[in-house]
Amino acid sequence: MKYLILGAGPAGLTFANRLLQNGIDDFLVLEKEADAGGLCRSRDVGGAPLDIGGGHFLDVRNPKVLDFLFTFMPEDMWDRYDRDSRIVVGENTINSPIEANIWQMKLEDQVQYLKAIAVAGCNLDVPMPEKFIDWIYWKLGNKIAEDYMIPYNKKMFGEDLNELGTYWLEKLPNVSFDETLISCLERKAYGTQPGHASFYYPKEYGYGELWRRLSKAPGDRILYNTPVTGLDLDQKTVNGEFKADIIISTVPWTDIEDIKGLDDKYLNDIGKLKHSSVVIEYMPENLDTEAHWIYYPDPELSYHRILVRHNFCPGSEGYWTETNLTRFDKTGRDEDRYFINKYAYPLNTVGKQEIMKDLLEYTSSKGVYGLGRWGEWQHYNSDVVVALAMDMADRLCAVK
């Protein structure tokens, strides 16, 4: 075929449907699961949808993405929300992000945070450090570092945080002592909201319904229960069975057992890529909160965040937790209420950017393109993945 697409998650489904919109139907999609959607799949649990891959929402900021997706699931089938995300830090429950909402803490805690921010390295013109933990102290001060950022990231990504680079944290704002003091005095947040400041969520379904609908048009061009076990870059074949002019890979590079056409340097680099696994577990109790999701840095709690389902999924009850697999104890758990996701988050380890740049430049020269969260090994949200997949499909279709 002309195009062979590996994976029927948001990236693969968007690419396939964009091909169809461009008048190209000479493609095939291989998907290892029995249904489409990847990390954005939903299941009926407790009589309502539950997103088994974690918390996924549709950001409102990209009109091109929305126009594309609303052709499959019209806008009137979605509710729009202003984000209400919170953090439980010690005895304080405040809005996220923490640096903008210290004013919501108890007065004595505000004082301690302000004192720590005043002597943060970035506020004293101290040179920026290279190691992750040192960088967090330098950027945010010791209180935010020790009470929130370090314990939360350990729960989410693992104990050895210095394996992580700092390149992905540069979007964090400098925590200005002056601005934080003013916000505490005026009792209002400063700065901009993080991603998903406003978001859409389906009125009657889980987020997985969107991707189920995107799987309809490709129809039998999606082969389910077909994991990718082998990839030959020189022969342009997958599993020794499927051959294409162009291969679009949205699956984790580390999950392909046999890759031919790569020298040892690239294979060794792939072996350095790391990821985290998470468990999503449903809890039937309703919570007395209006929050959509809440972050928990407390190391005594196994989970790092909860998604309050009854506050964004109409007609539902309960909430679900998200827990790093290394912290999850199956003992006594109801197997119908938890879902393990082996590939949840690509880790932004030291050197990863250079590894992926070199790898993707080489594979694309062979007609094999990495796309999306796993094809590019980047922590992309689904709306970003859709935009990337649309652009790649348009670009490749333009090259006749």
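**Note on the predicted model**

1. Charge. The protein carries 44 positive and 62 negative side chains, and the centres of the two sets lie 2 Å apart. Lys and Arg are counted as positive and Asp and Glu as negative, while His and the chain ends are not counted. Each charge is placed at NZ of Lys, CZ of Arg, CG of Asp or CD of Glu.

2. Basis. This is a predicted model, in which local features need pLDDT of at least 70 and side-chain atom pairs count only at pLDDT 80 or more, whereas totals for chains, interfaces and linings use all residues. Residues are numbered from 1 along each chain as its sequence is written, and side-chain values use heavy atoms, with hydrogens and water left out.

3. Overall form. The radius of gyration, taken over C-alpha atoms, is 22 Å; this agrees with the value near 21 Å that a compact globule of 400 residues would have. The globule rule is 2.2 Å times the number of residues to the power 0.38. Along the principal axes, the C-alpha atoms fill a box of roughly 65 × 50 × 45 Å.

4. Of the 400 residues, 55% are buried (under 20% relative accessible area; exposed is over 50%, partly exposed in between; 1.4 Å probe, protein chains only). Among contacts (heavy atoms within 4.5 Å) with a separation of 6 or more, 72% are between residues 24 or more positions apart.

5. Secondary structure. The protein has eleven helices and 21 strands. These are DSSP runs numbered from the N terminus: helices are H or I with at least four residues, strands E with at least two.

6. Strand β20. Seven of the nine residues of β20 (residues 338-346) are buried, so this strand is largely enclosed by the rest of the structure. Strand β16 (residues 275-283) runs antiparallel to β20 and is joined to it by six bridges; V279 has I340 of β20 as its bridge partner. Two strands pair if DSSP finds at least two bridges between them.

7. Strands β11 (residues 230-232) and β12 (residues 237-238) pair in the antiparallel sense over two bridges, and T237 in β12 is the bridge partner of D232.

8. Residue N153. N153 is in helix α5 (residues 142-157) and is buried, with a relative accessible area of 5%. Leaving aside neighbours within four places in sequence, N153 is in contact with F132, G158, L161 and W168.
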